[in-house]
Structure formats: structure tokens, C-alpha cells
Amino acid sequence: MNVKVNVKPAVRSSTTTVPVTVAYGDGIGPEIMTACLKILTAAGARIATEEIAIGETVYLKGNTAGIAPEAWDSLRRTKVFYKAPITTPQGGGFKSLNVTVRKTLGLFANVRPCVALDPFVKTKHPGMNVVIVRENEEDLYAGIEHRQTDEVYQCLKLITRPGCEKIVRYAFDYAKANRRKKVTCFTKDNIMKMTDGLFHKVFDEIGAEYPTIEKEHWIVDIGAAKLAANPTQFDVIVMPNLYGDILSDVAAEIAGSVGLAGSANIGEHVAMFEAIHGSAPRRAGQDLANPSGLLMGGVMMLVHIGQADVAEAVHNAWLKTIEDGIHTYDIFAEGVSTQKVGSQAFADAVIGRLGQKPAKLNPAVYDKSGKPLAVPGYTRRTPAQKDLVGVDVFVNFVGEADDLAPKLQAAQNGAFELAMITNRGVKVWPHGLPETFCTDHWRCRFLAKPGKQLNKAMIAGLLARLAADGVDFVKTEHLFTFDGEPGYSLGQGQ
Ligand code: NAD
């Protein structure tokens, strides 16, 4: 296999002051960011912050992306973004700022450690210590959606080889660098054999390069059930975007609270650090919110910029604060907590414990050698031999498959043969069952007649004839083989 990895060091500096772009965000954002920066500064973080405005105020000025053009300049200059949560206004037209920033800056890896802090924070899963490594750019989050007929809407799920290789390699490198023993992969490749199948295949290919790390794969539904019931059996879990989005919130919540988990969004050029939770608008302006998630994001940022010494001091002071029972409302429990505090008093308590370590919880230990975790690049492999063998024509039609088929057959000429019709993926022609419910959206598969070499002009000719016959086609997908392997799924029941 001719895959090569380009290793580019992340932004790192152990002694110099590092510029960091900061956004205070919306809702509880400004309160928790103020608290976190106070702690980082008191701990001696060698950072110079520059502030940008993002989120609600920018959206409401009519900028549908929620980020002003000059903010990009700051991000591209500092390459490090410390971001408080923002509020995405309800209603159409507003694009998710988080998705825009992650994708525009190529932040392909989302790393979310979910660690139980028992017995100091209530959890059903003492000892849980799971890191979710979520692919951050692809999958259904490509945001390519269409309404194709009166009844049918679609969202395109895009999974790419570069995307899979980068995230899977990052997960294994992360495991190795952090002395983790096992990497588990979750996919749904029993159903999505091509897209999730690629993710699983790449996991097996790249996993083979890490013989000292244990590897396993679970179908995401049973994997999620096992994660919820027995999270201590997992270590690092790598998964495509949507599953990772959902399951990292579940994992954080069952570890203790979504308010405790931080997240790193890593790219080749830029990295962003945040809490995993949102802007909790109902708690805003009351000095109530827990700054811990954003603080843990800040700790990951310090490690990323080569200030593991400061990261370790902050992390340990925070653990000691939790251990001493000084808790915000969300984790406060009678009999366990000793003092209920607000966001700023919590920050002061952490600052007061800088230099201390927890007595019962495992102290944080970071590698202070300053060796950067490699950010995998991608080298394109030799393309496979690609041959055009047919076309799926999607048709808007109200009626029965047996009435549609003759209209389609009338348009096929010497090159094509109508092979099947499916509705919502299920084969309904030939030999469909009357019990199958059909919508107004039909996938009509034309394959090349035996011995016929197809070209795109022939597909254009087929479409021209269908149009002339009044067939309302709404989209086409060309069918290829790659080195002789079909690059398309069969119909269900075919
Ligand atoms: P949320 O995470 O903001 O809040 C859910 C609930 O969790 C809150 O009501 C609160 O009870 C609790 N909570 C969350 N963070 C807490 C903290 N630090 N301390 C104490 N309690 C905390 O989720 P939501 O209500 O679904 O979303 C609110 C807004 O946040 C939406 O506009 C959403 O789009 C946005 N959001 C932003 C981000 C981000 O910026 N990264 C992520 C998720 C959601």
C-alpha cells in the first residue's frame, strides 16, 4: 500500500509567550471564560490573548456564519483558538459556527476525555476513563441536503479515505502518546457497507501498524449500549462524526456531568479548545455555571502549545478543588460536597490550590519533553481503474412501479437495460411485493447491456429521451467499478 504520512509539528513553544485567539461566546460563555483565563494566568500560562467576537451578536448583525471576516485573520495568525460556547439562533438561515470553524480550518480530530471523579462527583461508573476521538469534518455534517420530491428529503453522508486515515491514525498516535492500551472503533458497517465499511477497513489497515495496542470493533448500537452500561471496558474509542457527537455527550454525562468535559479540535494548521457543553442560556448571568469543561479544554490547549508544566499544575489544582468538595450547583451533592460555589469562587478555589495535588484522585501527569504529537497528513494513493457501468436515475413519480417500468424501458436504447427499481432502497421492480410502502421517489437502475462500453454522452442521451417522454428525473448517480469492484450498493432484496 503506497500510503505515506506527512508529519507536521503542531504549534508548540515551551518557554516563549504564545498568542491565543479567545472568544467569550454567549450565555454562560463570558462567565466561564473569565474564570478560566483567571486560573490560567495565575498558573503562569505563557499566553498572549487576542479577543474576537463570534456567535449571537454577530449572527444578529446579519452575518449568517456567526463569525466576522477579521476574526479569521486572528485565527490564521495565532493558530490556537480558546473558545467559549455560543448560542446558535433558532430558525433557518443560520449556519452552525462550530461546524463552520471546524471545517474551514480543517480541524479533523475532536478529542473528548470523559473521566469519572468518584467518589467526589456522583457517577454510576466509578473508574470510567474513556477518550472519544471523533472525526470532525465529514459524515452527515457535510450539510449537503436536498428536497427532491414532494415527499422526500435527503442528506448526503460523505466518508472519505483521507478523512478516515487521518482520524484513525490520530487515534492510534494519541493512544500511544498517552500510554493507552486499547483503541475501539464504532461504525454501522453492517448497514452502510461502503461508507462506514471504509472507516472500519481503514481502522483495520492502520491498526495493523500499531501491534502493541489492542484493537476491537463494535457495531455502534451495541457499542453504545456497552459504553452506557460498562464504560470501564473502553479506553480510546474512534468513530465517525455523528456517532461521536452523540456518544461523547453520553460519555461525559455518565462520567459525571457534561459540565466537566473539555474538548480539543485538532487540525494540521490550527487547533481549537472548548468545553463540550453549550451556552446554557437559562443559567447565564447568574455566576452559577461550572467552568470545569472549558478549563479542561484550556489544559489540553496548554499541552498542545508545549506548556505541559502549567497544564499539570492547573489540572492538579482543579482535581484538588473537586476532591475538597468545592462544587458548583451541577455537581453539588449533600454528604459529598462541602461548599456550593459560583463560577468565580470556584476559580478562586482552584487558584488557591495551585501547587497542590489531589490526595485520592489520580494526579495528572503530562509528558513535559515538549515532543509534539504528530498530526497525520495524507498522501494520495495511485487511483484505481474506474469504469462506467451504468446509471441510477432518481425519478419523481406517483403511482405503481409496474406503471413506471414501461416508461423507463421505452427510453432505453441499445446501450442500457433497466435492471431494477427501488423505493427508499427496497427493490420494488421486478417482482416487488404489494406490501411495500412506496413514496414518490424511485431509484431506477440502468446497467450497460452485455459487451457495451458506456460513456457519459450515452447517459446524456438516455436522460434526453426520458425528458422527452415526460419522465420527471430529479438526480442521477453514475455507477462505476473500481478495479472491477462495484462502487455502488445493491438494492435491498435484490
Ligand atoms: P447546553 O449544553 O448549553 O445546556 C444543557 C444543560 O446542561 C443546561 O441547561 C445546564 O443545565 C447544563 N449545563 C451545561 N453546561 C453547564 C455548565 N458549564 N455548568 C452547569 N450546568 C451546565 O445545551 P443546550 O441547552 O442544548 O444548548 C444551548 C445553546 O448552546 C444552543 O444555542 C446550542 O446551539 C449551543 N451549543 C453550543 C455549543 C458550542 O458552542 N460548542 C455546543 C452545544 C450547544
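The model is predicted, so local features need pLDDT of at least 70 and side-chain atom pairs count only at pLDDT 80 or more, while totals for chains, interfaces and linings use all residues. Residues are numbered from 1 along each chain as its sequence is written, and side-chain values use heavy atoms, with hydrogens and water left out.

Let's start with helix α5, residues 161-177; helices are DSSP runs of H or I with at least four residues, strands are E runs of at least two, and both are numbered from the N terminus. Its 17 residues reach 24 Å from first C-alpha to last, close to the 24 Å expected at 1.5 Å a residue (1.5 Å times one less than the number of residues). Of these 17 residues, 14 are buried (under 20% relative accessible area with a 1.4 Å probe, protein chains only; exposed is over 50%, partly exposed in between). After α5 comes R179, with a positive phi near 55°.

Now to the cysteines. The structure has zero disulfides, a disulfide being a pair of cysteine sulfur atoms within 2.5 Å. For C155, the closest cysteine sulfur is in C164, 17 Å away and therefore too far for a bond. C185 is buried, at 0% relative accessible area, and its sulfur lies 8.8 Å from that of C164, again too far.

Finally, visit D330, in the loop between β14 (326-327) and β15 (339-340). D330 is partly exposed, at 27%. Its side chain makes polar contacts (N or O atoms within 3.5 Å; within protein, one must be able to donate a hydrogen and the other to accept it, and residues adjacent in sequence count only if both atoms are side-chain atoms) with the side chains of S257, at 3.5 Å, and N290, at 3.1 Å.
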